[in-house]
Amino acid sequence: MNVVWFKRDLRVSDHEPLASAIGKGPTLALYIVEPSFWREEDVDARHYQFLRECVMDLGLHLKKINLTLTLKFGTAENVFKQLHQDFGIESIYSHQETWNDWTYQRDKRVEKLLNELSIPWYQSQQNGVIRKLKSRNGWAKQWHQYMSNTPVDAPICPYGLTVPSDEFPSLKKLGLVENNYSDERQTGGRPIALQLLKSFFATRGERYSKEMSSPVTAYKSCSRISTHVAFGSISIREIYQSALMKKNEIYATTNPGSPWRSSIRAFMSRLRWHCHFIQKLEDEPTLEFKNLHASTEGLRDTDVHIERLHAWKNGLTGYPFIDACMRALRATGWINFRMRAMLVSFSSYHLWLHWREPSLHLARMFLDYEPGIHYSQIQMQSGTTGINAIRIYNPIKQGIDQDPDGIFIKKWVPELSSLSKNEVHTPWLTNISPDVYPRPIVDEKIARRDASSRIYAGRRSPEFKKISANIVEKHASRKQSHKSKTKKNIESRKSWKQEELF
Ligand SMILES: Cc1cc2nc3c(=O)[nH]c(=O)nc-3n(C[C@H](O)[C@H](O)[C@H](O)COP(=O)(O)OP(=O)(O)OC[C@H]3O[C@@H](n4cnc5c(N)ncnc54)[C@H](O)[C@@H]3O)c2cc1C
């Protein structure tokens with residue numbers, strides 16, 4: 001049998017491993033639920049629920065090409081050993097998994113076993129991330145090349161194999177605790193991913209570039225496709241190619257001032273950023289655990305300040321906009337980019353918490369958790385990459401800018417619903433009792449000033465600059481080969497660099 005091992009690619013379209021296995025001969029489609037993965041600190045019941053929905057949907061799509069999905073529960077090594085013993089595996093096909101240290105170590109164990117059993121394992125490139133990349137020069141060009149290639153869809157399988165399947169283990173069996181989710185949480189499965197993309201390109205995306213920064217508008221105006229990308233019910237290449245078609249249509253049918261133009265450009269850039277960030281973790285796996293810039297090691301205590309961490313995690317810091325964002329995230333599994341950055345900035349600067357514990361909490365909360373983007377962004381927003389401008393968000397100003405009427409705050413922090421829009425950003429100046437809503441956990445101005453002087457103090461030495469130069473060489477984004485030289489574009493590229501890229 002030729003086994004297609006589904007991992008973070010739960011679809012039948014744009015799936016080279018599936019097409020290759022079918023072309024080789026009798027095919028088994030396999031998904032493995034691995035118990036020790038679900039015991040890791042960065043995953044949560046919400047991820048498992050979404051995964052189940054995607055896997056069930058994958059099963060339906062596989063049926064259409066004459067394949068039955070086999071589900072196995074156990075370690076990947078044991079599952080492959082048993083399948084080989086019972087049926088004889090000729091070869092295994094999968095995508096390269098560019099995820100975290102756990103999946104990397106598991107893949108090394110599987111590789112060792114398959115070598116011992118003389119079973120070849122063919123792994124196709126998963127997205128724009130390149131394994132064993134030698135240099136960042138020319139990366140963007142290779143990314144565009146990959147995204148432009150025609151996706152390989154699986155044909156009907158002439159020899160679909162079926163073997164006894166396990167049941168989906170319950171949350172309890174995996175040691176996972178069910179979340180109290182709101183109705184706004186996303187559901188898994190390819191039809192939903194396609195529907196999201198359709199509505200984004202039809203109407204929702206028109207004001208994307210203007211409305212992505214405020215949580216009042218972002219839930220509607222962002223694509224919300226990230227979770228589907230993280231589980232692979234749709235590929236980043238499929239999204240890129242649909243976006244390109246939409247871009248061509250926009251440029252053919254709208255005037256230069258149309259909001260669609262800036263929105264589609266901003267959206268397409270972010271598709272590249274997706275792989276740009278994952279490439280960093282691929283090239284520097286220690287990013288998940290250690291500060292990227294060695295001189296920033298020891299900057300913050302690794303001892304957890306339990307009270308601060310608890311208040312931040314539970315939306316009880318006394319800063320309404322921070323608390324509203326955290327509570328919204330916990331309930332829905334999603335929050336927009338700027339608010340993610342602000343939550344990290346608050347924990348890393350105002351609360352001066354080491355980024356590791358907060359990063360695990362956010363990983364559990366983000367339904368779209370993608371380690372490569374996640375840890376790179378967390379480190380960038382915490383000032384430990386050493387090469388980015390320091391950005392300490394003032395939570396009061398952000399609230400006033402992004403939620404001027406306090407609509408979002410009042411939705412998620414109902415304790416403050418009686419306050420006027422002028423009062424809601426600074427409830428400590430009103431007669432709201434601390435028993436109803438806590439007083440600020442730190443003084444914003446003092447905490448920001450202290451953090452700023454601590455972070456800049458370490459940045460002046462020649463040694464710091466030398467390490468930074470090496471980081472730039474290895475990881476930083478390069479200029480785009482297809483860049484336009486207009487002043488506006490140069491300015492907008494500068495602001496991305498500062499805010500969202502390194
Ligand atoms: C601290 C922090 C942690 C983050 N962790 C994750 C994570 O675990 N998983 C994740 O997918 N994104 C993460 N992001 C990036 C970004 O916030 C999300 O990709 C985005 O909010 C997802 O919503 P969307 O699909 O509507 O995005 P859209 O704005 O519609 O963008 C489309 C796609 O582009 C990619 N993208 C968008 N913004 C970024 C970005 N800044 N960097 C890299 N790729 C981007 C995503 O794949 C996204 O689905 C993080 C950002 C920060 C500041």
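Me: Leaving aside its neighbours within four places in sequence, which residues is asparagine 291 in contact with?

Reply: In this predicted model, asparagine 291 is in contact with Thr296, Glu297, Gln379 and Thr384, once neighbours up to four places away in sequence are left out.

Me: Why is asparagine 291 counted as buried?

Reply: A residue is called buried if 20 or more other C-beta atoms lie within 10 Å of its own. Asparagine 291 has 22 such neighbours, and therefore it counts as buried.

Me: What makes phenylalanine 80 buried or exposed?

Reply: The cut-off for a buried residue is 20 or more C-beta neighbours within 10 Å, and phenylalanine 80 has 24 of them, so it is counted as buried. Phenylalanine 80 belongs to helix 3 (residues 76–87), and, with its neighbours within four places in sequence set aside, it is in contact with Ile89, Val110, Leu113 and Leu114. For one of these, leucine 114, the C-alpha separation from phenylalanine 80 is 8.4 Å, with the two residues 34 apart along the chain.

Me: How do you know whether methionine 326 is buried or exposed?

Reply: Its count is 28 C-beta neighbours inside 10 Å, and because a count of 20 or more is what the term requires, methionine 326 is buried. Methionine 326 is found in helix 13 and touches Trp312, Gly315 and Leu343, not counting residues up to four places away in sequence. Tryptophan 312 is 14 residues from methionine 326 in sequence, and their C-alpha atoms are 7.7 Å apart.

Me: Which residues of helix 13 and helix 14 meet, and how is their contact divided by class?

Reply: Ile322, Cys325 and Met326 in helix 13 meet Met339, Met342, Leu343 and Phe346 in helix 14, and by class this contact has 7 nonpolar, no polar and no charged residues. The axes of helix 13 (residues 320–332) and helix 14 come within 10 Å and cross at roughly 120°, in a crossing that is left-handed.

Me: How many residues of domain 2 and domain 3 are in contact, and which helix supplies the largest share on the side of domain 2?

Reply: The chain is divided into domain 1 (2–126), domain 2 (127–152 + 189–282) and domain 3 (294–475). Between the last two of these, 18 residues of domain 2 are in contact with 24 residues of domain 3, and the domain centres, taken over C-alpha atoms, are separated by 26 Å. On the side of domain 2 that touches domain 3, helix 8 (215–221), helix 9 (226–231) and helix 11 each supply at least two residues, and the largest share, 6 residues, comes from helix 11. The residues of that side divide into 9 nonpolar, 5 polar and 4 charged.

Conventions. Residues are numbered from 1 along each chain as its sequence is written. This is a predicted model: local features need pLDDT of at least 70, side-chain atom pairs count only at pLDDT 80 or more; totals for chains, interfaces and linings use all residues. A residue is buried if 20 or more other C-beta atoms lie within 10 Å of its own, exposed if 12 or fewer, and partly exposed in between; C-beta atoms are placed from the backbone. Two residues are in contact if their C-beta atoms, placed from the backbone, lie within 7 Å. Domain bounds come from an automatic or database domain assignment. Helices (H or I, at least four residues) and strands (E, at least two) are DSSP runs, numbered from the N terminus. Ala, Val, Leu, Ile, Met, Phe, Trp, Tyr, Cys and Pro count as nonpolar, Asp, Glu, Lys and Arg as charged, and the others, Gly among them, as polar. Axes are lines fitted to C-alpha atoms, for helices over the stretch in contact, and angles run from 0 to 180 degrees between N-to-C directions. A crossing is left-handed if the near helix is turned anticlockwise from the far one by less than a right angle, and right-handed if clockwise.
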